[in-house]
Amino acid sequence: MPSPKRKHSKSRRDKRRANWKLTIPGLVECPQCHTLIKPHRVCPECGFYKGKSVVAANAAE
């Protein structure tokens with residue numbers, strides 16, 4: 001295995017790790033019940049997608 005010839009500084013190491021941060025998923029508001037959902041998916045609260053009832057609403061509540 002190759003070994004490093006010189007020691008890399010902490011700042012150089014940290015620059016490489018600077019892009020590891022998490023990103024917030026893009027959320028949109030459901031036009032029916034106004035809850036935040038992922039785009040292009042059926043709303044888990046009301047069961048609507050593109051203005052049509054696709055799935056029966058969650059009756060657990």
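**Stop 1**

Select H34, which sits in the loop between strand 1 and strand 2 (36–37). Strands here are DSSP runs of E with at least two residues, helices are runs of H or I with at least four, and both are numbered from the N terminus. The phi angle of H34 is near 65°, a positive value in a residue other than glycine.

A word on the model before moving on. It is predicted, so local features need pLDDT of at least 70 and side-chain atom pairs count only at pLDDT 80 or more, while totals for chains, interfaces and linings use all residues. Residues are numbered from 1 along each chain as its sequence is written, and side-chain values use heavy atoms, with hydrogens and water left out.

Now select Q32. Q32 is also in the loop between strand 1 and strand 2. Its relative accessible area is 39%, so Q32 counts as partly exposed. The cut-offs, with a 1.4 Å probe and protein chains only, are under 20% for buried, over 50% for exposed, and partly exposed in between. Show the contacts of Q32, meaning heavy atoms within 4.5 Å. Leaving aside neighbours within four places in sequence, Q32 touches C46, F48 and G51. Then draw a distance from Q32 to Y49: the C-alpha atoms are 9.2 Å apart, across 17 residues of chain.

**Stop 1**

Select C33 and C43. C43 is in no disulfide either. A disulfide is a covalent bond between the sulfur atoms of two cysteines. The rule used here asks for a pair of cysteine sulfur atoms within 2.5 Å, and by this rule the count is 0. Colour the pair by accessibility. C33 is partly exposed at 30%, whereas C43 is buried at 2%.

**Stop 2: the salt bridge**

How many salt bridges does the structure hold? The count is 1. The term requires a side-chain nitrogen of Lys or Arg within 4 Å of a carboxyl oxygen of Asp or Glu. R13 and D14 form a salt bridge, with their closest N and O atoms 3.0 Å apart. R13 is partly exposed at 32% relative accessible area. D14 is partly exposed too, at 39%.

**Stop 3: the way into strand 1**

Select L27, in the loop between helix 1 (10–16) and strand 1. At 43% relative accessibility, L27 is partly exposed. Not counting residues up to four places away in sequence, L27 touches L36, I37 and K38. The C-alpha atoms of L27 and H40 are separated by 10 Å, and the two residues are 13 apart along the chain.

**Stop 4: the largest pocket**

Show the surface. The largest pocket holds about 190 Å³ of space. Its 14 lining residues include P31, I37, R41, Y49 and K50, the closest to its centre. A pocket is an open set of points on a 1 Å grid over the protein atoms alone, where a 1.4 Å probe fits, with protein on both sides within 12 Å along at least five of seven lines; lining residues have an atom within 4 Å of a point. Grid points are joined across faces, edges and corners, and the volume is the space filled by probe spheres set on them.

Colour strand 1 (28–29) and strand 3 (48–49): each supplies at least two residues of this lining.

Finish on K50. K50 lies in the loop between strand 3 and strand 4 (52–53). Its phi is near 55°, a positive value in a residue other than glycine. At 70% relative accessibility, K50 counts as exposed.
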